[in-house]
Amino acid sequence: MRDDHPAYQGRPLPRPHDEVVDQGLGFDIGTLFDRRRALRFLGIGAAGVALTACGAGSTGSTTTTTSATTGEIPDETAGPYPGDGSNGPDVLAQSGIVRSDIRSSFGESTGTAEGVPMTLELTVSDLANGGAAFAGVAVYVWHCTREGGYSMYSDGVEDQNFLRGVQIADADGRVRFTSVFPACYDGRWPHIHFEVYPDQASIADSSNAIATSQVALPQDVCQTVYQQSGYEDSVANLRKVSLSSDNVFGDDGGASQLATVTGDVTGGYTVSLAVRVDTRTTPSAGSGPGGTPPSR
């Protein structure tokens, strides 16, 4: 007998002649997927468009756009190298951590990280307040060097604290950091870590974080940057991983974490991401697997 009522996971399709992904928002929300998989269900197509690559050897201006999303930024692991006191070193307890230029170490450390210039802009909004700008929150960011190591942890840079810093969001919910483009180390897609705290006073305890997530960097820009001196290991590492296979971004292809990037290797890149935080939900992230940077 012909089936006049096609179903998906036992649920009748409201639009039986259309694809599953075209059944409407109400049907999407009612599926058995969890929140992260729902994001993939709704947004992976748009994210895939954002991965259109330019020539790997180009040094011209690049603009990479991402899909528009409205949900909360996914909670992610802080990884094994947060430096927030949750697993050892605590840079957040050091005087001088609130700063915009994170290329150099501070305090008793004097090293400077080299690499292609990068400006990181995160714009934080509060979904619990109708998506209004989340002014006054403290945002802590950290990422690896162009060689793939993390200050305070990796061999050769244990005595440094560069590429880590805190900024307080302005009236528009925006923070801006001056840094260098991070490497692609073995086992992870190129990324930047961040934690959002209610205010500056809250950074004294990592358990106060109201969001922990990561910024995914677009493939085309990474391919261009990794042709530059100092990023040699990143070329082979990038070939071995993808957004869909990454152990952090893989469940939704980084649909709401893939940055918009403009600029070039000479003048530097601006990496931008909208960070939507919902203070009505309970953060679930913490330390955990995040790939292992190479020893130096």
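What follows is a walk from the whole chain down to single side chains.

**Before you click**

This is a predicted model, so a bit of bookkeeping: local features need pLDDT of at least 70, side-chain atom pairs count only at pLDDT 80 or more, and totals for chains, interfaces and linings use all residues. Numbering starts from 1 along each chain as its sequence is written, and side-chain values use heavy atoms, with hydrogens and water left out.

**Stop 1: the whole chain**

Colour by secondary structure. Now colour by accessibility: of the 296 residues in the protein chain, 48% are buried. Buried here means under 20% relative accessible area, exposed means over 50%, and partly exposed is in between (1.4 Å probe, protein chains only). Among contacts with a separation of 6 or more, 75% join residues 24 or more positions apart.

**Stop 2: the four-stranded sheet**

Select β7, β6, β9 and β10, which make an open sheet in that order, with antiparallel pairing. Two strands count as paired if DSSP finds at least two bridges between them. Look at the edges: β7 and β10 each have a single partner strand, so one side of each has no neighbour in the sheet. On average, neighbouring strands of this sheet are turned by 25 degrees against each other, direction ignored. That angle comes from axes that are lines fitted to C-alpha atoms, for helices over the stretch in contact, and angles run from 0 to 180 degrees between N-to-C directions.

**Stop 3: strand β6**

Zoom in on residues 138-142, which are β6. Is this strand enclosed or open to the outside? Five of its five residues are buried, so β6 is largely enclosed by the rest of the structure. In a regular strand the side chains alternate between the two faces of the sheet. Show the side chains here: A138, Y140 and W142 sit on one side, V139 and V141 on the other, and all are buried.

Next, bring in the partners. β6 pairs with β7 (residues 164-168) in the antiparallel sense over five bridges, and W142 has R164 as its bridge partner there. β6 also pairs with β9 (residues 191-197), again antiparallel and over five bridges. In β9, V141 stands opposite F194, while A138 stands opposite Y197.

**Stop 4: the nonpolar cores**

A nonpolar core is a set of buried Ala, Val, Leu, Ile, Met, Phe, Trp, Tyr and Cys residues joined through side-chain atoms within 4.5 Å. Select L122, V139, F181, F194, V196, V225 and V275: of the 44 residues in the largest core, these touch the most other members. At least two residues each come from β4, β6, β8, β9, β10 (211-216), α3 (219-225) and β12 (268-277), and β12 gives the most, with five residues.

Centre on V275 and ask which residues it touches. Leaving out residues up to four places away in sequence, V275 touches I73, L122, T123, V124, S125, F194 and V196. Apart from this core lies another one, of 19 residues, including Y81, I97, W142 and V166.

**Stop 5: charged pairs**

The structure holds seven salt bridges, each a side-chain nitrogen of Lys or Arg within 4 Å of a carboxyl oxygen of Asp or Glu. Start with E121 and R176, whose side chains meet at 2.7 Å, N to O. This pair links distant parts of the chain, 55 residues apart: E121 is in β4 (residues 117-126) and R176 in β8 (residues 174-180). E121 is buried at 18% relative accessible area, whereas R176 is partly exposed at 41%.

Then try R103 and D101, which meet in a salt bridge at 2.6 Å, N to O. R103 is partly exposed at 30%, and D101 is partly exposed at 33%. Another salt bridge joins D172 and R174, with the closest N and O atoms 3.7 Å apart.

**Stop 6: a buried arginine**

Finish at R188, in the loop between β8 and β9. With 0% relative accessibility, R188 counts as buried. What does its side chain make polar contacts with? Look for the side chain of D246 at 2.8 Å and the side chain of N247 at 3.5 Å. A polar contact is a pair of N or O atoms within 3.5 Å; within protein, one must be able to donate a hydrogen and the other to accept it, and residues adjacent in sequence count only if both atoms are side-chain atoms.

Methods: Contact = heavy atoms within 4.5 Å.
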